[in-house]
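Subject: Structure for you to look at, with notes

Dear colleague,

I am passing on the structure we spoke of, and my notes follow below it. Please read them with the structure open beside you.

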Amino acid sequence: MRLAAPILTLLLALSCTPAEQAVTTLRLGHGLDTSHPVHRAMESMAESVARDSQGRLRLEIYPSEQLGSEREMLELLQIGSLDLTKTSASVLENFAPAFRVFSLPYLFEDREHLFEVLDGPTGAELLATPTPQRLRGLGYYDAGSRSFYTRDRPTLTPKDLAGLKIRTQESASAIAMVQALGGSPTPIAWGELYSALQQGVVDGAENNPPSFHLSRHYEVCKHYVLDEHTAVPDVLVLSEITWQRLAPVDRELLRSAALASSVLQRDLWREATERAMDEVRRAGVEIHRPDKRAFAEKVAPLLEEAAASEDLGPWVERIRARETPHP
């Protein structure tokens, strides 16, 4: 039986899904391993975006620094050559100085205090500060607390850091902290750190347990000292150029998926932290729990200097006031 031309045309049109008609693909680059809690949360975000948009909006994820270092990917966002990235707040401070507040040592009283800030009005306002730099924060990922790990001897007190070359992120705040503690800060890209530790270019580094474990830095560094000097979150950042070309419905869809991935990531992070500590112990790493007060006293001038400054002072005051999160 032959179909009339109008009916045939209608059937052909119905056979084309919205995704086939118009698909927007956003590229998301980051520097972490695919087993990392952040990557797994991003995979969940990509699934949500595809499902809720009925395939009209998709995320392609490029892990393990395939598209460059954190700083390089932020620069790609600025020119619209990349859509999204995950970066440490310490690296983001080079583009939005207000994010330096997260690198201040011993600013947060505990984990609950940190999440109050991230989930509250201060956290939301901080996400908007990179907009003049063509960057827009979409949300935070938990990155735990950062502590020192070293090759040859533990850093149980600030005095033990004297003469040691410690890898830092590309962050003026992180550099100042290590200097205040008596160490020699050495900025090195994350992807180059394993070989730098192995070859003795640096004597140690500082990071959270899952990153210490998944990077396999524990194979070289056999001392992990839980001084927990900073709690620097990761930030999911979108290119403002991308944001402006997205339809309002897709903006809200992306924001909602990012928030859901952040909630999931916290659970994944907690599990990964426990697993990481067990694994590095079994690999022969000595876990040390020093008196944090000695470290806090040594870096207290950095915190007070920031509190007295015009740019960071208001942020420090608000964080110390312990806001109530949004309902």
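R320 has its place in helix α14, where helices (H or I, at least four residues) and strands (E, at least two) are DSSP runs numbered from the N terminus. This is a predicted model, in which local features need pLDDT of at least 70 and side-chain atom pairs count only at pLDDT 80 or more, while totals for chains, interfaces and linings use all residues. Residues are numbered from 1 along each chain as its sequence is written, and side-chain values use heavy atoms, with hydrogens and water left out.

R320 counts as partly exposed because its relative accessibility is 38%; buried means under 20% relative accessible area, exposed over 50%, and partly exposed in between, with a 1.4 Å probe and protein chains only. Residues up to four places away in sequence aside, R320 touches L107, L303, E304 and A307, contact meaning heavy atoms within 4.5 Å. With E304 there is also a polar contact between the two side chains, at 2.9 Å. A polar contact is a pair of N or O atoms within 3.5 Å; within protein, one must be able to donate a hydrogen and the other to accept it, and residues adjacent in sequence count only if both atoms are side-chain atoms. From C-alpha to C-alpha, R320 and P158 are 25 Å apart in space and 162 residues apart in sequence.

Next comes helix α13. The 17 residues of α13 (residues 292-308) should span 24 Å at 1.5 Å a residue, and this agrees with its end C-alpha atoms, which are 24 Å apart; the expected span is 1.5 Å times one less than the number of residues. At the start of α13, a side-chain oxygen of D291 comes to within 3.0 Å of the backbone nitrogen of R293. The buried residues of this helix are F295, V299, L303 and A306, and what covers them includes α8 (172-180), β9 (223-230) and α14 (313-320). An α-helix has 3.6 residues a turn, so residues three or four places apart point the same way.

At the start of α6, a side-chain oxygen of D110 reaches to within 3.3 Å of the backbone nitrogen of E112.

Grid points are joined across faces, edges and corners, and a volume is the space filled by probe spheres set on the points.

The largest pocket holds about 530 Å³ of space. Of its 27 lining residues, R111, G144, S145, E228 and A231 are the closest to its centre. Two or more lining residues come from each of α6 (111-119), β9 and α12 (248-282), and α12 gives the largest share, five residues. E228, in strand β9, has a positive phi near 50° although it is a residue other than glycine, and at 32% relative accessibility it counts as partly exposed.

Two cavities of 30 Å³ or more were counted. The largest cavity has a volume of about 330 Å³ and is lined by 24 residues, with E70, K86, R167, Q169 and W190 nearest its centre. Both α4 (70-78) and β3 (84-88) supply at least two residues of that lining. In strand β3 lies T87, which counts as buried at 0% relative accessibility, and its side chain makes a polar contact of 3.4 Å with the side chain of E70.

Finally, E206, in strand β8 (residues 204-207), is buried at 2% relative accessibility, and a polar contact of 2.8 Å joins its side chain to that of H229.

With best wishes

Methods: On a 1 Å grid over the protein atoms alone, a cavity is a set of points where a 1.4 Å probe fits but cannot get out, and a pocket is an open set with protein on both sides within 12 Å along at least five of seven lines; lining residues have an atom within 4 Å of a point.
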